[in-house]
Amino acid sequence: MIDSHGTAGYRLGRISVASLALAATLSVLSPREAAARAGCPEPPQTAAALDARSPYQPGSNAKSKDNAAFNEAANAGINGFIVDIERLADAAMGGDGGAAECFGTTMTKWVKTAPMTETLSGQATLQQQWFLSAIALATIKARAGGARLSPEVERWFRTVSDGVRAYQDARQFKNNLAAWAALAVGATAYLLRDDDGWRWAMGRQSLMVDQIQPDGVLPKELARGPRASSYHVFAAMPLFATSLIQSCRGGVDAGQADRLQRLGGLLRSIQQDPQFLAARAGSEQFPAKAMPAVTALQGGGPQNYFEDKLGGNITNLRQALSRCR
C-alpha cells in the first residue's frame, strides 16, 4: 500500500516568552483547547492494540474499498498525530525552540497509554512498522533540532521495535516488508544507541540490497504484476532512508552503494517510461505515485517534499542525518 502526498514543508509559529501570559487562560481550558492555543497539539488517546486489514481483496490485485474504509477509521487518530509530530519536528529543525520542547512533551503524553505496542492482525503488525518508521525518523529530526526524549519515550521505542523484530524473525520476509522493518528498527536503534538493534536492522538491509540485480530489479517486487513498478518504489523508500542513517554509523560499503545506484537507475527509467517494467512483469503497470519521495531521499527532485511514512520533510531528514545527531 502506497499513500504518498507532496506538500510544502510546515512550520509552527514560534512559542515566545510572550506566550507565558496565556498561562492563566490556558489553565481553565480543556487539554485539547489549551494545546491548540499554545501551538502544541494534544495527543489522541491511542489504544495499545493496533488493528488493520489487508488493502487488497483476497487473492487479487484489486483494492478493497471496505478494508480501506476500516483502516482509515481504525487509524485516523494515529495518522493525524504522526503528521502533527512530523510538523513539530520540521519546525524544530528550522530553529523553533518551542516546537522542539513541544515535541518532547507531546510524545511523553502520548506514550502513557502504550500505543501500538500490541497488534490484532498480521496487517496491523505491518502497519506498526510503518508507523514506527515515521515516528522514529521524525524523532531523529526533532532531536537534531533540540528536542529531548524522556525515559518513557525511549522505553516505548524499544518495546515497539522489539515487537517488529519478533514478527519479522518468525516469518523471515524477503521483500519490501524486510526493508521497512530494517528502517523501523534501524532508526529506533540509532535513536537509542542500541548496537544489537542496529546489527539486526543491517542484516535486513543487506538481505534486501543483496537482491538487487545488475539491471536494478528486485525479483520479489517484479513478481507483483501490474504493481511491480509501484512496489519497486515502495521498497526503495526504506532502502534509501536506511542508507542515510548508515552514513552516521560507518557508511554504506562499496558493494551496497553500487547496488543501490543500480536500483536508482531503474527507478529513473520507470520515471521516464511508466511502462518500462511492463514486459518483464507480464502486465501493464499502474502509476508509481511515490517516486518524488525516493528522488528526494537521494538529494534530488523537489525540496521540502513531505512524506508521512518517512517522518515528514525529507530535506530536513537529510540535513539532520548530515549532523549525525
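Predicted model: local features only at pLDDT ≥ 70, side-chain atom pairs only at ≥ 80, totals over all residues.
Buried means under 20% relative accessible area, exposed means over 50%, and partly exposed is in between (1.4 Å probe, protein chains only). Residues are numbered from 1 along each chain as its sequence is written, and side-chain values use heavy atoms, leaving out hydrogens and water.

**The overall picture**
- A disulfide is a covalent bond between the sulfur atoms of two cysteines.
- Counting a pair of cysteine sulfur atoms within 2.5 Å as a disulfide, you get 2 disulfides here.
- Number the bonded cysteines in sequence order and the pairing reads 1-2, 3-4.

**Cys40 and Cys102**
- The sulfur atoms of this disulfide sit 2.0 Å apart.
- Its S-S torsion is about 100°, so the link is right-handed.
- The partners are 62 residues apart: Cys40 is in the loop between helix H2 (31–38) and strand E1 (49–50), and Cys102 is in helix H5 (residues 97–110).
- Helices (H or I, at least four residues) and strands (E, at least two) are DSSP runs, numbered from the N terminus.
- Cys40 is buried at 15% relative accessible area, and Cys102 is buried too, at 5%.

**Cys248 and Cys324**
- Here the S to S distance is 2.2 Å, and with -90° about the S-S bond the link is left-handed.
- Cys248 lies in the loop between helix H11 (228–246) and helix H12 (254–272), while Cys324 is in the segment after helix H15 (314–323), so the bond ties together parts 76 residues apart in sequence.
- Cys248 is buried at 17%, whereas Cys324 is partly exposed at 40%.
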